[in-house]
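I opened the model to look up two things.

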Amino acid sequence: MMATTHDEPASEELLQPHQIILRPLVTEKGMHRSTRHNAYAFEVNRHANKDQIRRAVQELFNVRVVRVHTQNRKGKPRRTKFSSGYTKDWKKAIVKLDAEHRIDFF
């Protein structure tokens, strides 16, 4: 009997940068974070790790990333008339850039 290990799927090569970074999160808190701390928030692919997120941001925006923090966010309960459910779970990444680099969303 052969022992199998529980490895992540080989998505390291399969995910392109535009598949990792889904959208920027433009909120009041995010704008404050970007002006004060040079950190930007993105919704990212749930299967991407911090190294993949770092490489994707550096490649898409031509900046140097100092630090990446990630959060797995749970979906919120929602209901319409007679049915109820949840929004999808998603992953958030907060990316801190080097002092001389900036990202302009507008």
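In what order do the four strands form the open sheet? I read β1-β2-β6-β3, with antiparallel pairing. The model is predicted: local features need pLDDT of at least 70, side-chain atom pairs count only at pLDDT 80 or more, and totals for chains, interfaces and linings use all residues. Residues are numbered from 1 along each chain as its sequence is written, and side-chain values use heavy atoms, without hydrogens and water.

Strands (E, at least two residues) and helices (H or I, at least four) are DSSP runs, numbered from the N terminus. Two strands pair if DSSP finds at least two bridges between them.

Axes are lines fitted to C-alpha atoms, for helices over the stretch in contact; angles run from 0 to 180 degrees between N-to-C directions.

I then took β2 (residues 39-44) and β6 (residues 90-97). Six bridges join these antiparallel strands. Ala41 stands opposite Ile94 in β6.

Two helices went into the notes. Contact means heavy atoms within 4.5 Å. Helix α3 (residues 28-37) packs on the sheet and touches β2 and β6; its direction makes about 140° with that of β2. Helix α4 (residues 50-61) also packs on the sheet, touching β1, β2, β3 and β6. The direction of α4 makes about 120° with that of β3.
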